[in-house]
Amino acid sequence: MFKALQKTLKASAPKRAQQKLKQASLMTVSSAKVLLSNEKRQQICSKYKNLLSFSEENYQLFAQPLLNNFAEFVQLLPETRNSFYCRQGGFLDHALARAYS
């Protein structure tokens, strides 16, 4: 019964909508290492080290996991639809910039 219903729905759905659905589901989940490897993000993260005045050991123990978890949580989401941070990764970029300033 459900297979017949699915076939009917697929046949009636416009091809354009099907293509958008396929494109929307192609976003990959990236690791924090990949997400934070961007040169601009690396510069901001290095400023955090100076700002916090942590030793390298304490920075790696306390601050880096926080940055990694946040980056993995927001991935490459845009912050808004119509602002400076509307591009992929805008949420992460804006959060890193705001935390520093």
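## Overall fold

Along the sequence, the protein chain runs in the pattern α-α-α-α-α-α. In total there are six helices and zero strands, where helices (H or I, at least four residues) and strands (E, at least two) are DSSP runs numbered from the N terminus. This is a predicted model, in which local features need pLDDT of at least 70 and side-chain atom pairs count only at pLDDT 80 or more, while totals for chains, interfaces and linings use all residues. Residues are numbered from 1 along each chain as its sequence is written, and side-chain values use heavy atoms, with hydrogens and water left out.

Of the 101 residues in the protein chain, 21% are buried (under 20% relative accessible area; exposed is over 50% and partly exposed in between, with a 1.4 Å probe and protein chains only). The accessible surface comes to about 8200 Å², and 59% of it belongs to carbon and sulfur atoms; areas come from the Shrake-Rupley method with a 1.4 Å probe. Among contacts (heavy atoms within 4.5 Å) with a separation of 6 or more, 46% are between residues 24 or more positions apart.

## Helix 4 and its ends

Helix 4 covers residues 39–52, 14 residues in all, and reaches 20 Å from its first C-alpha to its last. That is close to the 20 Å expected at 1.5 Å a residue, the expected span being 1.5 Å times one less than the number of residues.

After helix 4 comes Ser53, which has a positive phi, near 55°.

Arg41, Ile44, Cys45 and Tyr48 are the buried residues of helix 4. They lie on the same side of helix 4 because they cover an arc of only 100° around the axis, taken from the directions from the helix axis to the C-beta atoms. Their cover includes helix 3 (32–35), helix 5 (56–74) and helix 6 (90–100). Glu39 and Asn50, on the other side of helix 4, are exposed.

## Nonpolar core

The largest nonpolar core has 13 residues; such a core is a set of buried Ala, Val, Leu, Ile, Met, Phe, Trp, Tyr and Cys residues joined through side-chain atoms within 4.5 Å. Those with the most contacts inside this core are Leu36, Tyr48, Tyr59, Leu67, Ala71, Leu92 and Leu96. Helix 3, helix 4, helix 5 and helix 6 each supply at least two of its residues, and helix 5 gives the most, with five.

Leaving aside neighbours within four places in sequence, Leu96 contacts Leu36, Arg41, Ile44, Tyr48 and Leu67.
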